[in-house]
2 protein chains.
Amino acid sequence: MKYSKLFGKTSKNVASDADSVNAKLLTQAAFIQKQISGVYNFLPLGLRVLTKIQNIIREEMNKIGGQEVLMPAMTQEENWITTGRNTMDVLFHLKGQGDTNLVLNPTHEEVITPLVQKYVFSYRDLPVALYQIQNKYRNEARAKSGLLRGREFSMKDLYSFHVDEADLNRYYDIVKQAYFKIYERIGIGGKTVLTFSSGGNFSQFSHEFQTLNEGGEDTIYLCSKCRVAVNKEIINTQKTCPECGNDKLEAVKATEVGNIFKLRTKFSDAFKFFYSDSQGKEKIVEMGCYGMGPSRVMGTVVELCHDDAGIIWPKNIAPYQVHLVGLDGLGEDLYQELLSKNIDVLFDDRDIGAGAKFADADLIGIPVRLVASKRSQEKGGIEFKLRSEKESEIIEAKDLVSKITSFYN
Amino acid sequence: MKYSKLFGKTSKNVASDADSVNAKLLTQAAFIQKQISGVYNFLPLGLRVLTKIQNIIREEMNKIGGQEVLMPAMTQEENWITTGRNTMDVLFHLKGQGDTNLVLNPTHEEVITPLVQKYVFSYRDLPVALYQIQNKYRNEARAKSGLLRGREFSMKDLYSFHVDEADLNRYYDIVKQAYFKIYERIGIGGKTVLTFSSGGNFSQFSHEFQTLNEGGEDTIYLCSKCRVAVNKEIINTQKTCPECGNDKLEAVKATEVGNIFKLRTKFSDAFKFFYSDSQGKEKIVEMGCYGMGPSRVMGTVVELCHDDAGIIWPKNIAPYQVHLVGLDGLGEDLYQELLSKNIDVLFDDRDIGAGAKFADADLIGIPVRLVASKRSQEKGGIEFKLRSEKESEIIEAKDLVSKITSFYN
């Protein structure tokens, strides 16, 4: 893509209401544009990142037997009355034709439980795990922190259904491992820790995945031996590491990027969701739910991966693989060559000064920057620089593609 | 995928409120499940088809320079007041925190126009074409006909912005050709005709794409020479073929699967969206909009492509390439082999009778059906049958993969 043609250009001005690093940098670099508080437009660069995150999540969900479905955002309020959650304060209410009461789902237990109930009758139909990647709606009193707390936001929600608690526990551990794999692939694995939180009335614990970063809105209590943590909500009752008993937990700042929960029979009770076991006896279904917000993850990555000059995208979710800066009228041939080698390139072909182009490249944050200029030609090739490094090097044209592909493999 | 594990099984019972062929067959075959009137869940089979349709559309939009963005469903009512469309009867209204007035967008001119205005100032920034694939919300008085008229439904909407009418006209024709290519790839090209409709106050005509089918809700007037039509709305003022002047137009039934519209300056006037031309003079931006509903297209395909036994999917949008019926305990080896050759297979591995399996294969409608049974083995191979044909043939195991891939190429 030529930057001159790309919709959405960088801006020098900080959005006056940007209350967080991710809102500020993503808006300045033209990845997102605020519509109203907590509601964002994704511009081409931003949608590319969001889609890459969603696809990594999708692949890992498929690998653990998750089947993708798509449920509506809009649902009859009735289902929420059945579970008693219709009074939840973040629920958006609206009226349909004939004065029917509708809501926009902030989560989908009230939709998926009766849906699965239509197709699952016997132990032979279990277990089953279904997920979707859909927008969620929450009428937050204070939407804030850019993509971190939205009113309309992207969510992957997986739900699993089991014959008994043992099978739920088995699958819950599989999902936990899949979540770590996702964070690893996205590039925040090393900073993301399993955090024990309240299990509600049914389970001892639920779990959050918290990404350590100084600007995080949560405080968690980290065991440096096990790399697990306890969240603020339960630290008064759980004062030691749940894994090793260590009582020296360190308070650190973090941002939540996922949570998983054994629902047990909370929703199957409400909807009377039973199955017949192998003896033909009626039994209640056990459920788990597993959330991860792709847009929230995107915001968290920016909170973690930036410097004073801009964003530093991890390689698997960068909007393009290469940011090619063309100077002195050069670059077009190289751009075409890289495209022909299936390398995703953003080519800054604008007729402006080198300084402005470098500043934009730093702000946008693509991992590899190339410069094609008279100077680089004189030195025998193309300037190659990683966004995360200070130093650049000159690479001969013939070695450039292998240099790029080896970085990305 | 093994059918025994697939979420959502066929049902013999016709949904009592299915008012159309697509609602009936898609529900019976477990592609979709109604949530409320005009609002559907997409089960795994249904989401696979919807995603394939969306991806074909996406590829063709990218080819004509469309840049993908994602706008929110939820927006401030204010933007709709600016254009005077806040009284539109299908608009869903809701309240945000602080008693703010919000709407769910039934279309996105009110969002995209001020969004593009934030980045486009000069003739150098034009033309630009942006599209999204998002859910739309319309509070229809009578949602009906399954996926054809929904309250929440998938929509691809492309918007283009130009320096003048000539450039708008140029791009409008490019989009028209891209639409035909999409219908061709989806498998309804031969039945889909360009239909002239009202251009509103600004243009002589807008255009619909109508798919001819006996169950269609629209009547259009077709010129058999040119394969173009005139819609009901303008037939009294446009009594002849707009292409050749033929005055013998035939009334036929059809379903609308897309529409394109020269908006001209309707929205740029409302939002005061000007640009500077090469002389620095302020000029108004010209706009076009181009809609196509993937879920509506999916419903239309079923209306057109079915028989008494079920759906007959066109090959590019079928949920799987092969429906493998295993009988007499056979099929597992073949299933694994086909998977290893990257062929998408739905394998009916259930322990039920052959008749029920064949009936399900016909209902689900995957283009290629294979039967692995003692009988087919005795005859020297695997039974191969197209869903669209009556006759089957026996193919030797060694020739099977090339037989399948040649059908799909």
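In which sense do strand β22 and β23 of chain B pair, and over how many bridges?

Reply: The model is a predicted one, in which local features need pLDDT of at least 70 and side-chain atom pairs count only at pLDDT 80 or more, while totals for chains, interfaces and linings use all residues. Residues are numbered from 1 along each chain as its sequence is written, and chains are lettered from A and ligands numbered from 1 in the order in which they are written.

Strand β22 of chain B, residues 382-386, pairs with β23(B) in the antiparallel sense over 4 bridges. Strands here are DSSP runs of E with at least two residues, helices are runs of H or I with at least four, and both are numbered from the N terminus; two strands pair if DSSP finds at least two bridges between them. Within this pairing, I382(B) has I395(B) of β23(B) as its bridge partner. In general, strands of a sheet pair through backbone hydrogen bonds, either parallel or antiparallel.

The two strands belong to an open sheet of 5 strands in chain B, with the order β20-β19-β21-β22-β23 and mixed pairing. Its edges are β20 (345-348) and β23 (392-395) of chain B, each of which pairs on one side only. On average, neighbouring strands of this sheet are turned by 25 degrees against each other, direction ignored; the axes are lines fitted to C-alpha atoms, and angles between N-to-C directions run from 0 to 180 degrees.
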